Amino acid sequence: MESRGIRKTKVGTVVSDRMDKTVVVRVERLVPHPVYKKYVKRRTTYKAHDEKNEFRVGDRVEIVETRPLSKEKRWRVGRLIERPVVR
């Protein structure tokens, strides 16, 4: 990966790998409820570019912001953090 300045990164889980060279990554974050101040989970899905089709459902990955690659794809998979244990 090239390093052209600071790019946003997020860590999430691959929830779909059915598309060619694309994975869908779910990123969870905790936000405080505006009234009750309890932390609530919010999740967002991002389409990320996977050039070699190497990531599978369940993989924990880091995605990096990049230029628009298609209508909805603005992220690419940076690195694999953790692969689930298959029994």
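In the predicted model, V14 has V25 of strand β2 as its bridge partner. This residue pair belongs to the antiparallel pairing of strand β1, residues 9-16, with strand β2, residues 22-32, which extends over three bridges. The two strands form a hairpin in which five residues lie between them, and K21 adopts a positive phi near 60 degrees there.

Strand β2 is also joined to strand β3, which comprises residues 39-49; these strands run antiparallel and are connected by eleven bridges. Within this arrangement, H49 of β3 is found opposite T22. A hairpin is again formed, with six residues separating β2 from β3, and a positive phi of about 65 degrees occurs at K37 in the turn.

The chain as a whole contains five strands and zero helices, giving the element order β-β-β-β-β from the N terminus on. The C-alpha trace spans about 45 × 40 × 25 Å along its principal axes. Of contacts between residues at least 6 apart in sequence, 50% connect residues at least 24 apart.

Buried residues account for 24% of the 87 residues in the chain. The accessible surface amounts to about 6800 Å², and carbon and sulfur atoms contribute 49% of this area.

Technical notes
Residues are numbered from 1 along each chain as its sequence is written. This is a predicted model: local features need pLDDT of at least 70, side-chain atom pairs count only at pLDDT 80 or more; totals for chains, interfaces and linings use all residues. Side-chain values use heavy atoms; hydrogens and water are left out. Two strands pair if DSSP finds at least two bridges between them. Helices (H or I, at least four residues) and strands (E, at least two) are DSSP runs, numbered from the N terminus. Buried means under 20% relative accessible area, exposed over 50%, partly exposed in between (1.4 Å probe, protein chains only). Contact means heavy atoms within 4.5 Å. Accessible areas come from the Shrake-Rupley method with a 1.4 Å probe; for residues, only the protein chains shown count as cover.
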